[in-house]
Amino acid sequence: MLMESKGDGYRRTPIKEGVFLKLKEIYNNIGIDKGISGWISDILSLYVMKHEFLKIYAPYLSYIAVHDNELYIKDNKIDKIVEITIRDNKIYCKYCERDNCIHAMYAIALLEIGKLTKYLKKDQ
Ligand SMILES: [Zn+2]
């Protein structure tokens, strides 16, 4: 959807109602002293900075996709697609057979890791 600027330094964009309500719930629970619009704008700004960080920190890695309980990362250093999954409630890299390799760290830094939330067991 087109996001026109009204010349005030802001652009307005629609957010799905369900997403907004979940954001509002988080916002209300963290007790931040700025408006929700500014807080959401800050989140998006942090996303942009995180994206730039990852491009410098691990320029040879890139996100491909999530399918079922696996997140796929392309590693251009080894020229392979690496599978990240949830094992014993931890991020697990099938290629390195570890939970603390660069692929696991990279996966944790991606917003898409949230798509694996449903494979985590609570209370562990
Ligand atoms: Zn790995």
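Two residues count as being in contact here if their C-beta atoms, placed from the backbone, lie within 7 Å. Keep that in mind as we walk through this predicted model.

Let's start with His103, which sits in helix α3, residues 102-109. Leave aside the neighbours within four places in sequence, and His103 is in contact with Ile73, Asp75, Val82, Ile84, Cys93, Tyr95 and Cys96. Is His103 buried or exposed? The cut-off for buried is 20 or more other C-beta atoms within 10 Å, and His103 is buried because 25 of them lie within that distance.

Within α3, Tyr106 and Ala107 are buried along with His103. These residues lie on the same side of α3, because they cover an arc of only 100 degrees around the axis. And what lies over them? The cover for the buried residues of α3 includes helix α2 (36-57) and the strands β1 (61-67), β2 (70-75), β3 (80-87) and β4 (90-93).

Now for a contrast, go to Pro14, in the segment before α1 (17-30). An exposed residue has 12 or fewer other C-beta atoms within 10 Å; Pro14 has 8, so Pro14 is exposed. Pro14 and Lys94 are 80 residues apart along the chain, and 38 Å separate their C-alpha atoms.

Stepping back to the whole chain, there are three helices and four strands, and reading along the sequence gives the pattern α-α-β-β-β-β-α.

How does the overall size look? The C-alpha trace spans about 50 × 35 × 25 Å along its principal axes. The radius of gyration is 18 Å, whereas a compact globule of 124 residues would come in near 14 Å. Buried residues make up 9% of the 124 residues, and His103 is one of the buried ones. As for contacts with a separation of 6 or more, 30% of them join residues 24 or more positions apart.

Note on methods. Residues numbered from 1 in each chain as written. Predicted model: local features only at pLDDT ≥ 70, side-chain atom pairs only at ≥ 80, totals over all residues. Helix = DSSP H or I, 4+ residues; strand = E, 2+ residues; numbered from the N terminus. Arc of directions from axis to C-beta. Rg over C-alpha atoms; globule rule 2.2 N^0.38 Å.
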